[in-house]
Each structure stands twice: as structure tokens, then as C-alpha cells.
Amino acid sequence: MVQASGRETRANSNRVEASMSVKQFQAPPLYVGVDVSKDELVVAFFRAAAGGCTEASFSNDRRGHRRLVQRISKEGGCHRLVFESTSNYSVDLACALQRAGVPACEINPRQARSYADSLNRRAKTDRVDAAVLALAARHLDVPLWTPPTPQALELRNLLRRVSELRSIGAAEKNRLHAQQAATALGRTVQRSIQRQIKCLQRERELLLREARKLVERTPELLANFKLLLSMKGIAEFSALSILSELACSPPQLGCRQWVAWAGLDPRPRESGQRRPGRHISRMGNKYLRVALFMPALVAATRPGAIRDYYVQLLKRGKDKMLALCAVMRKMLHAIWGMLHHQQPFMPDLFCGKRP
């Protein structure tokens, strides 16, 4: 009898352990939102069954990233983690989460803000933003973040720095023009501005040389760089600028998604009888839009398939700037096909014609 009761006790304990493991397995999924700043990560953990969020904060460094991963592992893993794209402050966090196998998603800040407005969240604090991102992780279909290669990240970093220096140089040229307009101000400040412009020019040339060396050392980047140069209107600098952004794009995007990711998708605004002209959404990668503008402008003025398409749009009554945005969008479609099929630019296919 004693042995039988012992066996029964062990059987009961085994059933309890099995039921506990089933309950653990069937635990409601965990959704995590991370508000990223320079020094701190404010994290919200959300379970639907709990009816609310719990918050925690971690430092935005390796130690803080490791502690966040340990906390998620202690919670039994998460179904999805969402963070905002916050300049360079979120790059190391995203890489650490990817290495740890955490399903992390990057969301556009404007999309996150619009979602917060839809929830009637009027306050804008780190804790509120983290809670909104945790809810977005549950309700929004945000694609998983895929880490670009280190070479692609470095190329994007170099070309964005060149873009910054070009903007600073343009501002300095405007200041020089204003200084030269008044002869009573002397030439000391003018010479200072001229030295600064030359220094910026040298720095841009140095960064572009480094970018070109990086492309030449990377076979995949070099192949795509040569394909971009086959399209009329795209020279070396434009090819590097476009390639630096596209190399870091999510790999699962199609050509139409590329257009939306660049913010070149048309945005209709209609109400009743009001039918104003369409404009692009601008909800996307501004660096890619800027990199595409000059090639589209050049190609639209040179004989070829791209100019023919531009002229067709003008004959249909399109505004010049609207037609130019359509050319940029069409060029991005063509670039997607070129890079995904590893084929040079085919003018006969640009307007939908078959050779």
C-alpha cells in the first residue's frame, strides 16, 4: 500500500508538472516596444491577458542591450519587438537583438505617431511612446528588421556624411554671397568662408574616394554599381548615393514597396467635389529621393526612353514637377528590375515596350 501510494504521488506530481509546462507553453504572447534615445532605452512589455504594460529602462549600450535580451528571455521570449528608426542610436540595438534571435521590427516614426493619435494618446513621453510601440507590435503588421551587411552600412554612412557636407557647403556659399554684397564689411570674413568651402570640398572628395574603394572591394556592391551606371542620367556620384540607400533596404520589398519606402508614392486627397492634384507622400527615405532627383532631371532633358516618357506625361497635361516625380518613380521601378535580375538598363522596356 505504501509503495502504491508513492507511485500515485509521483504520478500526480508528474501530471502537475506536465500541466504547468502546458500552461507555460500556452502563455499569452509578449509584445515589446522600445523607445530609443541617445543614452536610454525605455521598454514596455505588453500581454493582452494582463490588460496593461509594464515598463523598464536600460542603458543604450552593450550592457543595456544584454540586460534587455536577458529580460526578454526570462519572460519566455517575445512574439515581436518594435522600435522606432532613431538615426544611428538604434543601429547597435537592432544588431544586438538580431544576434540574440529576438524578432525585432523597425517602424517609421511618422507611422508610430499616427498610430498614437488613432489611440487618442495626446501625451508625448518616453513611457507613452514605448507603450504605443508595444501596442503597435501587437496590432500592426510591421516587417522584421533584416540587418544590412557591414559594407552596406559603412557605404550608407559615408554617403550620408557627403550629403551633410554638401548641405553645409551650400549654406556657406549663400553666406559668402551675402558677404560679397556689401563692400563696407571688408574681406576677412569672406576669406574665412572661402577657406571653409575649400575644406568642405576636400573632405567630400576624400569620403567619395573611400566610398569608391569600399565598392571596389565588395563584389556585390561593385556589380550593382556598374548596373546603375548603365542607366542614362546616373553618373558616379548619383550611383554611389542611390546604391548606398538601396543596399540597406529590406530585402523582401518589391518594386512598388521600394517606391513607398522612398516616399515617392502618389497621395490622393479628395473630399466631395474637391479633386486637387496629387502629390507624393514624402513618407520615406529622403536621401533616396534626393539621390534620384538629379538623375531624373538630367535624363528627362537628354534624348532617350526616359525623355520620351517625360514628354508623354507633359502632353497628357501633367505639371512639370509632377511629371518629374513620375520619372523618378519609373526609374526606381527600372532599378529594382535591374538589380534583381542583374541586367543592365534596357530602354525599350522602360515604357513597357518589348524589343
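The model is a predicted one, where local features need pLDDT of at least 70 and side-chain atom pairs count only at pLDDT 80 or more, while totals for chains, interfaces and linings use all residues. Residues are numbered from 1 along each chain as its sequence is written, and side-chain values use heavy atoms, with hydrogens and water left out.

I will start with the whole protein. It has 14 helices and seven strands; these are DSSP runs numbered from the N terminus, with helices being H or I of at least four residues and strands E of at least two. Of the 355 residues, 36% are buried, meaning under 20% relative accessible area with a 1.4 Å probe and protein chains only; exposed is over 50%, and partly exposed is in between. If we take contacts (heavy atoms within 4.5 Å) between residues at least 6 apart in sequence, 60% of them join residues at least 24 apart.

Helix α4 covers 109-118 and α5 covers 126-139. Their axes come within 10 Å and cross at roughly 95°; axes are lines fitted to C-alpha atoms, for helices over the stretch in contact, and angles run from 0 to 180 degrees between N-to-C directions. That makes α4 roughly perpendicular to α5, a label for 65 to 115 degrees; under 35 is roughly parallel, over 145 roughly antiparallel, and the rest oblique. On the α4 side, Ala112, Arg113, Tyr115 and Ala116 take part, and they meet residues of α5 including Val132, Leu133 and His139. By class, this contact of α4 with α5 has seven nonpolar, one polar and two charged residues. Nonpolar here is Ala, Val, Leu, Ile, Met, Phe, Trp, Tyr, Cys and Pro, charged is Asp, Glu, Lys and Arg, and the others, Gly among them, are polar.

The loop between α4 and α5 holds Asn120. Its phi is near 60°, a positive value. Most residues other than glycine have a negative phi. Asn120 counts as exposed because its relative accessibility is 51%.

The second pair is α8, residues 219-229, and α13, residues 320-341, with axes that come within 10 Å and cross at roughly 140°. That makes α8 oblique to α13. Asn224, Leu227 and Leu228 in α8 meet Ile335, Met338 and Leu339 in α13. The contact of α8 with α13 has five nonpolar residues, one polar and no charged.

Lastly, Gln342 lies in the loop between α13 and α14. Gln342 also has a positive phi, near 50°, and is partly exposed at 42% relative accessible area.
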